[in-house]
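Grab the viewer, try each task, then check the worked solution.

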Amino acid sequence: MSDYVLGLAIWFCLYGIFSLSINTVVGYTGLLSLCHAGFAAAGGYCAAILLKGGHTGFVGALALSVVVGIMLSLAVSIPASRLRGDRFILASMALQMVLTAVATNWASLTNGPYGIFGIPRPTILGFRVSTTAEFALLCSGALAGVLVLSVAVGRSPFGRALKALREDELAAKSLGLETSHFKITAFALSAAIAAMGGNLYACYMSFIDPWSFDLWQSVLMLNMLVIGGAGNVFGPLVGSAFVLLVPEALKWAHIPEAYADNLRLMVFSGVVLFLMRRRPQGLVGEYRLT
Amino acid sequence: MSGSVMLERISRSFGGVQAVVDATMEWVPGRVSALIGDNGAGKTTLFNLVCGLVTPDTGTITWQGRRLDGKSVAWVASSGVGRLYQDVRAFSKLTALENVMAGFAKHPGLSLARVLLTPRMVRRYEAECATKACDLLAMVGLTEKSDLLAESLSFGEQKLLAIARLLANGSRVLLLDEPSAGVAPVMLDQLAHVIRRLAADGHIVVVIEHDREFVRRIADDVWYMENGSAVPAPNGLVHQAGRGMGHRHADVPARRALLAVGGIHAGFGARKVLLGVDLDIGEGEIVGIRGRNGSGKSTLAKVITGALTPQRGQVTMSGVDITRWTAHRRQRMGLGYLPQACRAFPSMTVKENLEFAFSRRSAEGPSVGEVLDLMQMLKPLMARSARLISGGERQALCCAMVLLTGARLLVLDEPSAGLSPQISSALMEHLSLAMRARNVAALIIEQREGLLERFADRIYDLVEGRPELRDAGEDACPAAAVPVLETKGVRQ
């Protein structure tokens, strides 16, 4: 199989992990988040610093990424759990900005705006993941795991409580559900997944800088949900594929690089506007609007 | 009694309005207590106080030796106090079965750790819950709808669903805010049976009800609320038959039709609210709409004012078809709308509010001075911030603002909601004077008994369940006849 196709598969897995992660918060819980790229950045930098410095192995770096992701999520979800709507979005956006600023300015740790190069490929239980094919296998394994987790959570009573508070927070509270507890847990779970995705990203690219995961990447993750649909597991995957394949298609159409980037944005905007009007639940929504 | 919910000298005011004054009650296990009284008497506020949405200014609420006042909503709920909201609050994008299952608040699967670590135990418990939930759905007669999204159920069905959800929640105290409103008559027997059975099982059941007949069937204790105070109701009040169906004044001269509504079908998604409504309003005519919660009154107002496009039917104003017009285009044509719970612009003074409305007038309307002459109650308030005036004064301000826009037809959605009877009748007095003086027509939605009879030329009853508009005809209630004549006298 050509490296090109394998490369696309890896990107699909990474995008899928990110979109399933943000789906836990946006789709199930009904809170818009603009800081998921921040969690991914945290995971990515964990991998970069730990692996490059030889402090831990891949598994250790992965575990620490997840822990850091969860800690950061608490920083936004605990104070913001009483907020709704616009204010929650702003709080999450603030965290994203702070994280990007930290990555840019804490030069002794992150090498500042230059980013970190030469992150080694992971070694798992003595097996070194070096070729693209092996990495694609690792990523698809990770995506499969996240997919199983998402389905399990979505179908569980926990997931039902998330959806209930999304539909009507007061009614959920009146059934004795501590809604802020559910929001915080859902946020932590989704941050953990995003941090894991960021970790894989850093290992695959062997490079990370503050702009690998800035606000626009958070917006892109949301975009995948808006296009694909939220609240189930198919929507995010379809959205990921869409967001991945549109730029590729533009490449094949021999559109010069200079225009392709702008064209890509225009296509996304057009699609989002069209969907908002015609199919607000996304291509593969959770429910059918009646 | 130790098992009772005790409310002792509870008071609560909002801004200048005393919503609940010194209420003392005892709700006893095994009995159904009913709260009756006008809109704005403080019944729902009382429920909000008990279930933790609102904290009392003074007084205590105790149950089983524990204080309920000042606690969070979730805390009160998990200690066993369940609430059925007036607006139901079903989880619309969950199925009926999922709605009920969301009620099991002690489910171990609500913990993410349990879901991931002991999936088999969670699944076993989930299966048990599903069986129980199906039983509860059967009890409220919704078995066949268990896989439908809650939003596609009718208002009455959603209400029954919310009751089933409450039962799944295992509450020992059930606060039911208007359980019968919007429930189809055929389901009422079922509902009464469910409520009686809950009491027989030792629950504390408290209902807010407007339907006196229903209260008579289910209630053991009746409390009458007025202006925030509660007293045990004398039997006669409960057994008193409902008022007459409405009144059409015979001598109203035929007027040119200003607004005509024909064959309107409208609803939200699969939920049909209006099923073929016909109605017309003549120039300068005041038409009242009555009907219970969920009977479609506000939906009708939205269709007329352009906030909702009907699925079928036609709205014409002065002979022009405006069915598909936007709201602001209708406003320019002279259609004024006062939505439910209008707030004016709280950061501006009363004077600024009025001047703003005047600057937005669509046609030559009255001047600010003229409107003030007609609505005297606003005169002393001109320099006050609209945030700091009472609820009644704010309603008067909103009405004055709609008048200033030069509207020829006003659609007023419950102008008296939340106001005391004295204030609301003073408001209506001012408003109808102002409208008669300028030959402005109005469609007024009202729930309060007796108000429309005094000020409206014609009253329609929007019949619950099957919302057809029915002209109430000439079988007037005698009590209303005299004031209507008086109103007419003022006009001439």
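Two strands count as paired if DSSP finds at least two bridges between them. Keep in mind that this is a predicted model.

**Exercise 1. In which sense do strand 9 and strand 10 of chain B pair, and over how many bridges?**

Step 1: Find strand 9 (residues 221–226) of chain B and strand 10 (residues 229–232) of chain B.
Step 2: Strand 9 and strand 10 of chain B pair in the antiparallel sense, over 4 bridges. One spot to look at is B:Met225, which stands opposite B:Ala230 in strand 10 of chain B.
Step 3: Now look at the turn. These two strands of chain B make a hairpin with 2 residues between them, and B:Asn227 in the turn has a positive phi of about 50°.
Step 4: Strand 9 of chain B also pairs with strand 3 (residues 32–36) of chain B, here in the parallel sense and over 4 bridges. There, B:Ala34 stands opposite B:Val222.

**Exercise 2. What is the strand order in the open sheet of 4 strands in chain B?**

Step 1: The order is 2-1-4-5 in chain B, with antiparallel pairing.
Step 2: Strand 2 (17–27) and strand 5 (66–67) of chain B are the edge strands, each pairing on one side only.
Step 3: Zoom in on the strand 5 end. Strand 4 (residues 58–63) and strand 5 of chain B are antiparallel partners over 2 bridges, and B:Thr62 has B:Arg67 as its bridge partner.
Step 4: Helix 1 (residues 43–50) of chain B lies across strand 1 (5–14), strand 2 and strand 4 of chain B, at about 65° to strand 2.

**Exercise 3. Why does the radius of gyration of chain A agree with that of a compact globule?**

Step 1: A compact globule with 290 residues would have a radius of gyration near 19 Å; chain A has 19 Å, so the two agree.
Step 2: For the outline, the C-alpha trace of chain A spans about 55 × 45 × 35 Å along its principal axes.
Step 3: Inside, buried residues make up 51% of the 290 residues in chain A. As for what the chain is built from, count 12 helices and 4 strands in chain A.

Note on methods: Residues are numbered from 1 along each chain as its sequence is written. Chains are lettered from A and ligands numbered from 1 in the order in which they are written. This is a predicted model: local features need pLDDT of at least 70, side-chain atom pairs count only at pLDDT 80 or more; totals for chains, interfaces and linings use all residues. Two residues are in contact if their C-beta atoms, placed from the backbone, lie within 7 Å. Axes are lines fitted to C-alpha atoms, for helices over the stretch in contact, and angles run from 0 to 180 degrees between N-to-C directions. The radius of gyration is taken over C-alpha atoms; the globule rule is 2.2 Å times the number of residues to the power 0.38. A residue is buried if 20 or more other C-beta atoms lie within 10 Å of its own, exposed if 12 or fewer, and partly exposed in between; C-beta atoms are placed from the backbone.
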